[in-house]
Amino acid sequence: MRPFVHNALPARVIFGSGTSKTAVAEELKRLGCKRALIVTAPRKDEAEVILNALPKELVAGMYANATMHTPEDVTADALKYAEEVSADCAIAVGGGSAVGLAKALALQSNGRIKQIAVPTTYAGSEATSILGQSKDGVKTTQRTLTVLPQTIVYDVDLTLELPAQMTITSGMNAIAHAVEALYATECSPLIEVMALQGIESLAKALPILSQDLKNKEARSDALYGAWTCGTCLGAVNMSLHHKLCHTLGGSFDLPHAEVHTVILPHATAYNTPYAKEAMAKIAKIFGGNVTAAQGLYDLAKNNGAPYSLKELGMKEEDLEKAADIAAKSPYPNPAPLEREKLLQLLRNAYEGVRPE
Ligand code: NAD
């Protein structure tokens, strides 16, 4: 066994079907909270399930304007409302946008507002102490335990309506956390197990879900994978893939899960010669007769996800600028970060070619 350091975040996770109807009220009690503010994106269907299941006296209100990349003005507006209704807990119901807003409320209140996360996508933010926030189009990220939700309640039933494309792209977003964890310098044997289990669970579930969105067993496998992959993201530092997606999402306003889906095979191919052991383990999950990069590309493309930056609306003339940003600030990565090679990676992603 090679030497390692393992970083674990405190986590209380309740996983199952129908869990949100009972567990959320119990968790509020456990946390000693009496005034819950439900935060969600403008789509309120899943949040209303929680609202209807909670005893009326525990609900302080609902704020349904959670927005991608946690804009600071939205947080300020939500905080004002939280203070008006004397909220002591934010229940995030939705994807990374809802979870991000609850994290921001916890941060702004110095941890006074507790959090229960009820995730309905596979983004994995609920398992991390990372908060990304945006102001005037610039996104900054910080890590602090203050933003880590006290409890995660996974309810498979709340994921059954996740649309087809979001199901696949959000699943690929989760897989990206695990792929980068496998070659991170801080990867411990336990994180490796979680990363491989997460990739395997999602690689099995996504093709089934692309044919049958309401398949509960596959939904359950995908949600479990989201948790293990999110835990990997929370435990180690991310490399080239996440940095590129951060740049493309933040500076070129491209959608989060879709960008992860398009970039992942190409970032994987870029790192393959320098992370052979990790890549061999990923390739094995895909049957062993494709590379890790090809397995990831096929998983997305064959199940109806977008596979080129062109499709996502990226402008070809912006590729050079994106390569400049990616090469400029140094960060740990298995393969050296060379501008011309990064530009080629981005060109391949722009055209959506299958990695060799
Ligand atoms: P999202 O939360 O914006 O959700 C996308 C859309 O899906 C929304 O319109 C939402 O209403 C809808 N939706 C969510 N669940 C649904 C369901 N079950 N059925 C039907 N529709 C549903 O997108 P996301 O990809 O989950 O999250 C992206 C955000 O999360 C970004 O801001 C990203 O930066 C952040 N993120 C943060 C971390 C972290 O650790 N801090 C990790 C991953 C993602």
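Helices (H or I, at least four residues) and strands (E, at least two) are taken here as DSSP runs, numbered from the N terminus. The model is predicted, so to speak, from end to end: local features need pLDDT of at least 70, side-chain atom pairs count only at pLDDT 80 or more, and totals for chains, interfaces and linings use all residues. Residues are numbered from 1 along each chain as its sequence is written, and side-chain values use heavy atoms, with hydrogens and water left out.Turning to the ligand, 23 residues surround it (near means a heavy atom within 4 Å), the closest being Ser97, Thr120, Thr121, Thr128 and Lys139. Helix H4 (residues 96-108) gives the largest share of this shell, three residues. By type, the shell splits into nine nonpolar (Ala, Val, Leu, Ile, Met, Phe, Trp, Tyr, Cys and Pro), five charged (Asp, Glu, Lys and Arg) and nine polar residues (the others, Gly among them). Polar contacts (N or O pairs within 3.5 Å) include one from a polar side-chain atom of Thr128, 2.7 Å from a ligand oxygen. Lys139 also places a polar side-chain atom 2.7 Å from an oxygen atom of the ligand. The protein buries 86% of the 860 Å² that the ligand exposes when taken alone (Shrake-Rupley method, 1.4 Å probe).

As for the fold, six strands make an open sheet with parallel pairing, in the order S1-S8-S5-S4-S2-S3; strands pair if DSSP finds at least two bridges between them. Strands S1 (13-16) and S3 (59-63) stand at the edges with a single partner strand each, so one side of each lacks a neighbour in the sheet. From one strand to the next, the twist averages 15°. Angles run from 0 to 180 degrees between N-to-C directions, with axes fitted to C-alpha atoms, for helices over the stretch in contact. Helix H3 (residues 72-84) lies across strands S2 (36-39) and S3, at about 160° to S3, contact being heavy atoms within 4.5 Å.

Notes:
A polar contact is a pair of N or O atoms within 3.5 Å; within protein, one must be able to donate a hydrogen and the other to accept it, and residues adjacent in sequence count only if both atoms are side-chain atoms.
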